[in-house]
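Please read the points with the model at hand.

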Amino acid sequence: MKSTNNTEHWDVIIVGGGIMGCSAAFYAARAGLRVLLFERDTAGSAQSGRNLGFVRQQGRDVREVPLAMAAIRLWQDLEQDLGRDLGWLQGGNIALATSGADMETQEAWQKDAQGYGLDTQLLGKAETHATLPGLAPEAGVMGAMFTASDGRAEPARATRAFLEAAIDHGAEVIAGQLVSKLDTTAGRATGVWSAGRLYRAKAVICAAGAKSAALLRPLGLTLPQEVIRATVAKTEPLKAAFEHCVSCPMTGMRQAADGSLHLSVAGGEYDVRPDSLRYASWYMKVRKEQPDASRINYLSPLRALLSRTAPPPLADIPPTRDCVPPNPARIDQALTEAARFFPAFANLRVRASWAGYIDTLPDMIPAIGTVSKTGGLLVATGFSGHGFGLGPMVGSILAQVIQGQQPDIDIGHFSPERFG
Ligand SMILES: Cc1cc2nc3c(=O)[nH]c(=O)nc-3n(C[C@H](O)[C@H](O)[C@H](O)COP(=O)(O)OP(=O)(O)OC[C@H]3O[C@@H](n4cnc5c(N)ncnc54)[C@H](O)[C@@H]3O)c2cc1C
């Protein structure tokens, strides 16, 4: 690697312009730190601009609940804090129960959540139909779990808003250029290498989504990170308001700020790549238990080789260099289930579709925090398909840790070193 005469020095360099990197940039710059953020493509071009936009506390691993509750408190004032419209609506989140087993799971989860003071309620059949008047009586819904304080926001808009507000506070950004290596000296993170130049900083945050494991591996940190290609479809605008985020057995749906319905089936395709072999043993169990939610696609290397860049869909989706086409079968699956539960959605036309690579860790909770053998390094990655809602609080915590403060929420469960 070429050396450099670049003596510029930042307090923190952030790798990745997803919601984690951009929110960390905002809170750090607002606190007066000199911030430089690198984004390989454009802000929100990976998961953060392509997700379904659920901002939920409900149904999470209980270790994430305090973080999710703190995040909701931030979301409530975020449009004002950032000075930008994020499409935020606190319309509640409903997960439908269609079996006795679903009801039992929801009951157990609600009990745990109550311990944290969350407002989650269990609804009976009649209450569920009263809350969702369009729900088909013959769909077999037995009840639901409902959290009124959950909400939704526009993913790409929110991610961009954080970055723009960070820039307002003096953050600097290099977009369209990737970080090739994290730099360390005597056991400390000292900067990053990009386009043959060393950019120096007192601290480095690795928030590179699905690319984090590869950047961290040379530093001796093992993160068995997998990627799942998940598909989203956007319909024509709905005729009436649909304010809740709703989870049917397999399909999540929410109305976007432009009136359209966004739908996505849980799970997706494991596109085979070299790291799939490296980390295969970590994922045996989930693949066995949920074969449909995690199909292995052995042809993906060929597709990546042959594909041309797809035109951006008719939606606010920042383009990416990744070859990440939507799966038409997942769109059919989502539309079929939506129509079964909400007959009014039966003839909705799909206006656009896209996919995104979800980065997962085997225990489905993120890696957030410092790394004992590399001082000055912070990691925020592996959000396993539910990081958008957490993003503001994670950024705020990263900014606190960089300043040597005790984070508002204990992040001990999320140690990046827990995989050895
Ligand atoms: C289809 C789909 C639906 C989802 N639905 C929801 C939902 O409803 N609610 C929810 O809470 N979560 C949801 N998620 C998950 C959520 O989107 C992610 O957990 C979250 O966006 C992760 O943010 P991030 O900043 O960690 O990663 P990313 O958004 O992936 O950002 C990482 C960034 O790093 C950049 N980068 C990578 N390598 C480098 C490098 N070497 N140099 C510079 N830049 C680099 C990438 O280009 C990317 O922009 C969904 C995800 C998908 C794909």
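1. Basis of the note. The model is a predicted one, in which local features need pLDDT of at least 70 and side-chain atom pairs count only at pLDDT 80 or more, while totals for chains, interfaces and linings use all residues. Residue numbers start from 1 along each chain, as its sequence is written.

2. Domains. The protein chain is divided into domain 1 (9–76 + 155–223 + 363–414) and domain 2 (226–242 + 249–360), with bounds that come from an automatic or database domain assignment. Taken over C-alpha atoms, the centres of domain 1 and domain 2 are separated by 24 Å. Contact joins 24 residues of domain 1 to 20 residues of domain 2; two residues are in contact if their C-beta atoms, placed from the backbone, lie within 7 Å. On the side of domain 1 that touches domain 2 there are 9 nonpolar, 12 polar and 3 charged residues. Here Ala, Val, Leu, Ile, Met, Phe, Trp, Tyr, Cys and Pro count as nonpolar, Asp, Glu, Lys and Arg as charged, and the others, Gly among them, as polar.

3. Ligand shell. The ligand is surrounded by 39 residues, of which the closest are Gly16, Gly18, Gly209, Gly356 and Gly387; a residue is near a molecule if its C-beta atom, placed from the backbone, lies within 6 Å of it. By class, the shell holds 17 nonpolar, 17 polar and 5 charged residues. Domain 1 and domain 2 each give at least three residues to the shell. Helices (H or I, at least four residues) and strands (E, at least two) are DSSP runs, numbered from the N terminus.

4. Helix 1. Which element supplies the largest share of the shell around the ligand? That share, 3 residues, comes from helix 1. Helix 1 has 12 residues and reaches 16 Å from its first C-alpha to its last, close to the 16 Å expected at 1.5 Å a residue; the expected span is 1.5 Å times one less than the number of residues. Helix 1 is largely enclosed by the rest of the structure, because 11 of its 12 residues are buried. A residue is buried if 20 or more other C-beta atoms lie within 10 Å of its own, exposed if 12 or fewer, and partly exposed in between, with C-beta atoms placed from the backbone. Among the elements that the buried residues of helix 1 pack against are strand 1 (9–15), helix 5 (155–168) and helix 11 (391–402). Gly32, whose phi is positive, near 95 degrees, follows helix 1.

5. Helix 3. Helix 3 has 15 residues and reaches 21 Å from its first C-alpha to its last, close to the 21 Å expected at 1.5 Å a residue. Its buried residues are Gln106, Trp109 and Ala113. They lie on the same side of helix 3, because they cover an arc of only 70 degrees around the axis, the arc being that of the directions from the helix axis to the C-beta atoms. The exposed residues on the other side of helix 3 include Glu104, Lys111 and Asp112. The buried residues are covered by elements including helix 2 (65–82) and strand 6 (143–147).

6. Trp109. Trp109 counts as buried because 21 other C-beta atoms lie within 10 Å. Not counting residues up to four places away in sequence, Trp109 touches Gly59 and Met145. Trp109 and Gly59 are 50 residues apart in sequence, yet 7.0 Å apart in space, C-alpha to C-alpha.

7. Helix 10. In helix 10 (residues 328–341), the buried residues are Arg330, Ala334, Leu335, Ala338 and Phe341. Because they cover an arc of only 135 degrees around the axis, they are on the same side of helix 10. The face turned away from that buried side carries the exposed residues Pro328 and Ala329.

8. Positive phi. Most residues other than glycine have a negative phi. Ala195, not a glycine, has a positive phi of about 50 degrees, and Met364 has one near 60 degrees. Ala195 is in the loop between strand 10 (188–194) and strand 11, whereas Met364 lies in the loop between strand 18 and strand 19 (367–371). Ala195 counts as exposed, with 12 C-beta neighbours inside 10 Å; Met364 counts as partly exposed, with 15.
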